[in-house]
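Dear colleague,

I am passing this structure on to you, together with some notes on what turned up in it. Please read them with the model open beside you.

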Amino acid sequence: MLHTRRRFMVLGGAAALVGCSKEQLAPVTPMTVTLTDEEQARVMRELEVRQKHLAELAAYRIGTGESRKTPAPAVTITEQFPDLKSRSRMTQRLHPRYGEEPPADASKMGGRFLYPADEPWPTDEATRIPLVTVVQLAGDDVWPRITFKPGYDVLQLFWLPRDPVGGELTAQVHWRRRSEMLGRPLQTPNTDLAFPSLTPVPCALHPEWVLELPDWATLQRTELRGKLAEWKPPVDIPPQEYYDRFLAASHGSKAGGWPRESLNTPGCKKCKWSMDYLLTVDSTEWSPDDASRWRPVQDPDDALGRRAAAG
């Protein structure tokens, strides 16, 4: 995620990550795993980049109580095209920022999760490589766009810290009850075999409600796209490019709302049920080209310590 080319990863909802009732995760037998010479060389290169990133982050620390606000769009497109209003959705931009790592039971990105020491750590069955902590959402925060598993109040996302294969990451969701964790020792993530570029820097979340619209591809099912194609944006770029960059689905990591590529909805490989959109984990929160729309007003420039704090 520290590479120069920008990447983002979209993961589906509960069915997408937990699997349906027909699919059960087999127990993992512990075994010794070693890195190849090529993998070890990559880890060393990425560790050097990560250390530089952490050093830069020291200048961008913010408090957990601070907030972030997305600027309003330059045009209110729903006033010009009222039919778009019925297709709008609310999302929560997560705004991960570096600072004091939140407690293990708090909503956060990366770091130490509410995971008991007496349970096997999540591991990829094929490679035996430990998964890394990605996002934890605690139910006492406001996450109304996410339906928590009944009786549980903590959602945890882990993934395999290896490049996607065929566009897919190996990922797992775990559910926790805070009350069952009281007094129990917790595990510290083991990242010895992880690629640092796929291991989030521990960050606090600063969620913000944002209204967003479906992307241009989704609108092909409607008459709206033909109307929008004739629309003149406030700057001299094609309507499709302006709409997707400045008006449609929010950039950055977020929960709920519209996915950035909403036509590519995956289905469960076992039962074929279409998955629901859960969240996006993005490498960066905005780019200099779209900063006027997606850079929070509290962030004065495009420093990577702000727009790519999670590394």
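F113, Y115, W121 and F158 make up one aromatic cluster, where rings of Phe, Tyr and Trp (its six-membered ring) are taken to pair if their centres lie within 6.5 Å, with planes under 30 degrees apart counted as stacked, over 60 as edge-to-face and the rest as tilted. Before going further, please note that this is a predicted model, in which local features need pLDDT of at least 70 and side-chain atom pairs count only at pLDDT 80 or more, while totals for chains, interfaces and linings use all residues. Residues are numbered from 1 along each chain as its sequence is written, and side-chain values use heavy atoms, with hydrogens and water left out.

By the ring rule above, the count comes to eight aromatic pairs. One of them is formed by Y242 and F246, a tilted pair with 4.9 Å centre to centre and 40° between the planes. Y242 and F246 both belong to helix 6 (residues 239–247), where they are four residues apart, about one turn of the helix; helices (H or I, at least four residues) and strands (E, at least two) are DSSP runs, numbered from the N terminus. Both Y242 and F246 are buried, a word that here means under 20% relative accessible area, as against exposed at over 50% and partly exposed in between (1.4 Å probe, protein chains only).

The charged end of R176 sits over the ring of Y115, 4.5 Å from its centre, and R293 lies over the face of W294 at 4.1 Å from the ring centre; the rule asks for NZ of Lys or CZ of Arg within 6 Å of the ring centre and within 35 degrees of the ring normal.

Turning to the sheet, five strands form an open sheet in the order 6-5-4-3-7, with antiparallel pairing, and two strands are said to pair if DSSP finds at least two bridges between them. Strand 6 and strand 7 (203–204) stand at the edges with a single partner strand each, so one side of each is left without a neighbour in the sheet. Strand 5 (residues 154–159) is joined to strand 6 by six bridges, and the two run antiparallel; within this pairing F158 stands opposite Q172, and L155 has W175 as its bridge partner. Strand 4 (residues 132–138) also pairs with strand 5 in the antiparallel sense over six bridges, and there V132 stands opposite W159.

How many residues of strand 6 (residues 171–176) are buried? Six of the six are, so strand 6 is largely enclosed by the rest of the structure. From strand 6, A171, V173 and W175 point one way while Q172, H174 and R176 point the other way, and all are buried. Strand 5 likewise has six of its six residues buried and is therefore largely enclosed by the rest of the structure, with V154, Q156 and F158 pointing one way and L155, L157 and W159 the other.

The largest nonpolar core has 29 residues, of which I146, L157, W159 and V281 touch the most other members; such a core is a set of buried Ala, Val, Leu, Ile, Met, Phe, Trp, Tyr and Cys residues joined through side-chain atoms within 4.5 Å. Strand 4, strand 5, strand 6 and strand 10 (277–282) each supply at least two residues of this core, and strand 4 gives the most, with four residues. A second, separate core of 15 residues includes I77, L224, Y243 and L247.

Finally, please look at R93, which is found in strand 2 (residues 89–93). R93 counts as buried because its relative accessible area is 0%. The side chain of R93 reaches the backbone oxygen of H251 at 3.1 Å, and the backbone oxygen of E285 lies 3.2 Å from a polar atom of that side chain; a polar contact is a pair of N or O atoms within 3.5 Å, of which, within protein, one must be able to donate a hydrogen and the other to accept it, and residues adjacent in sequence count only if both atoms are side-chain atoms. Leaving aside neighbours within four places in sequence, R93 is in contact (heavy atoms within 4.5 Å) with residues including T70, H206, S250 and W294. H206 itself is placed in the loop between strand 7 and strand 8 (208–212) and is buried, at 3% relative accessibility, and its side chain reaches the backbone oxygen of E66 at 2.8 Å.

With best wishes
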